[in-house]
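Here's a quick briefing to read alongside the model. It covers charged pairs and nonpolar packing.

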Amino acid sequence: MTTNTITAEADVNTAISDAEAARTRLDFAKSAPKVFRAIVGFDAAAREGLDPALVELIQIRASHLNHCAYCLHMHTNDARKAGESEDRLHMVALWREARHFFTPKEQAALALTEAVTLVADGGVPDTVYAEATAHFDDEELAHVLALILTINTWNRVALSTGKVAGTDERNG
């Protein structure tokens with residue numbers, strides 16, 4: 001590691017700490033612990049039986065669409081720790097233009113993620129839903145839908161409460 005790299009990392013860590021210290025919004029987990037635990041339970045149940053790589057791709061794509069830097073940072077790090085490649089992580093936002101990076105099943109999940117996340121823009125098109133049913137059985141599809149719902153909830157909690165990208169309160 002070069003001196004410049006070490007200095008840059010220290011600057012980023014200082015900026016993250018400063019941003020977190022300046023945060024003045026409520027701590028959702030402390031202010032509504034039963035609600036927070038219910039979302040954690042919903043999230044855990046949604047993930048059951050799903051491929052961990054698919055889970056992260058869904059969470060990353062929804063976080064892109066919702067402009068949630070906090071969750072995007074968290075889930076790209078989780079994906080890296082789980083062995084996801086940098087190439088695929090960089091292509092999630094543009095998966096339609098880089099389909100060869102993703103399996104047909106992953107593409108179906110990403111399309112469904114977009115439709116559900118942006119549901120107010122036109123609902124969930126029959127073609128998107130049909131493609132998802134071609135790749136997931138009913139139980140898997142229910143879990144994928146539940147996961148999409150939970151990440152959208154987490155994105156909204158993080159954005160509403162001013163969570164700072166670069167922090168991960170699961171570790172604190």
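What follows is a short tour of the salt bridges and then the nonpolar cores.

This is a predicted model, so a word on the ground rules: local features need pLDDT of at least 70, side-chain atom pairs count only at pLDDT 80 or more, and totals for chains, interfaces and linings use all residues. Residues are numbered from 1 along each chain as its sequence is written, and side-chain values use heavy atoms, with hydrogens and water left out.

**Salt bridges**

- There are seven salt bridges in the structure, each being a side-chain nitrogen of Lys or Arg within 4 Å of a carboxyl oxygen of Asp or Glu.
- R88 pairs with E84 through their side chains at 2.5 Å, N to O.
- Both ends of that pair are buried (under 20% relative accessible area; exposed is over 50%, partly exposed is in between; 1.4 Å probe, protein chains only): R88 has 14% relative accessibility and E84 has a relative accessible area of 15%.
- R88 also meets E106 in a salt bridge, at 2.8 Å, N to O.
- Since E106 sits in helix α7 (residues 104-117) and R88 in helix α6 (residues 86-91), their pairing ties together parts 18 residues apart in sequence; helices here are DSSP runs of H or I with at least four residues, numbered from the N terminus.
- E106 is buried, as is R88.
- K105 and E140 form another salt bridge, at 3.2 Å, N to O.
- That one links helix α7, where K105 lies, to helix α9 (residues 138-160), where E140 lies, so it ties together parts 35 residues apart in sequence.
- K105 is partly exposed at 30% relative accessible area, and E140 is partly exposed at 22%.

**Nonpolar cores**

- A nonpolar core is a set of buried Ala, Val, Leu, Ile, Met, Phe, Trp, Tyr and Cys residues joined through side-chain atoms within 4.5 Å.
- The largest core has 26 residues, and I58, L112 and V144 touch the most other members.
- Helices α4 (52-65), α7, α8 (126-135) and α9 each supply at least two residues of this core.
- Helix α7 gives the largest share, six residues.
- V144 has contacts (heavy atoms within 4.5 Å) with L50, I58, L112 and F136, leaving aside residues up to four places away in sequence.
- A second, separate core holds 10 residues, including C68, I151, W154 and V157.
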